[in-house]
Amino acid sequence: MSDRAGEPRRADPSDAPHLLEIMQAALAVEAGAGAIVHGFPDRARELAWLEYLIEDGAGQAIVAEVSGTPAAFGITARRGGVCWLALLFTSPAAQGRGLGRRILAQLWPADAGARATLVDGS
């Protein structure tokens with residue numbers, strides 16, 4: 001992968017297969033280090049879930065590309081007045097380039113006002 005990274009953009013449902021690959025690759029690294037991670041027993045359901053989150057419209061879904069290929073993504077969800085970071089993953093090959101930070105800056109701007117933080121998972 002080259003270092004050429006464009007500005008993060010809104011995700012499209014057609015990005016879902018790439019996003020699932022990013023998640024799987026990142027979680028495989030964590031599993032290799034001994035973490036207990038989410039498995040993907042049913043690819044069709046995982047893709048449908050990602051497509052739902054992207055299309056939902058209540059939150060945001062942002063993708064960062066390297067050389068025209070999705071390399072990182074983040075998704076927020078919103079219900080009522082509550083917004084939360086649902087997913088944030090960077091492919092292992094693209095880590096360390098600031099992609100996650102750039103995505104998070106779009107999803108969670110510093111001037112967004114007061115926020116509560118809930119961490120669910122490792």
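A network of salt bridges links Arg9, Asp15 and Glu65, a salt bridge being a side-chain nitrogen of Lys or Arg within 4 Å of a carboxyl oxygen of Asp or Glu. The model is predicted; local features need pLDDT of at least 70 and side-chain atom pairs pLDDT 80 or more, while totals for chains, interfaces and linings use all residues. Residues are numbered from 1 along each chain as its sequence is written, and side-chain values use heavy atoms, with hydrogens and water left out.

Aspartate 15 is buried, at 6% relative accessible area, and arginine 9 is partly exposed, at 27% (buried, under 20%; exposed, over 50%; partly exposed, in between; 1.4 Å probe, protein chains only).

The structure holds four salt bridges. One of them joins arginine 102 and glutamate 7 (3.3 Å, N to O). Arginine 102 lies in helix H3 and glutamate 7 in the segment before E1, so the pair ties together parts 95 residues apart in sequence. Helices (H or I, at least four residues) and strands (E, at least two) are DSSP runs, numbered from the N terminus.

Four strands form an open antiparallel sheet in the order E1-E2-E3-E4, where pairing requires at least two DSSP bridges between two strands. Strands E1 (9-10) and E4 (82-90) stand at the edges with a single partner strand each, so one side of each lacks a neighbour in the sheet. Strand E2 (residues 61-66) is joined to strand E3 (residues 69-79) by six bridges; glutamate 65 has proline 70 in E3 as its bridge partner.
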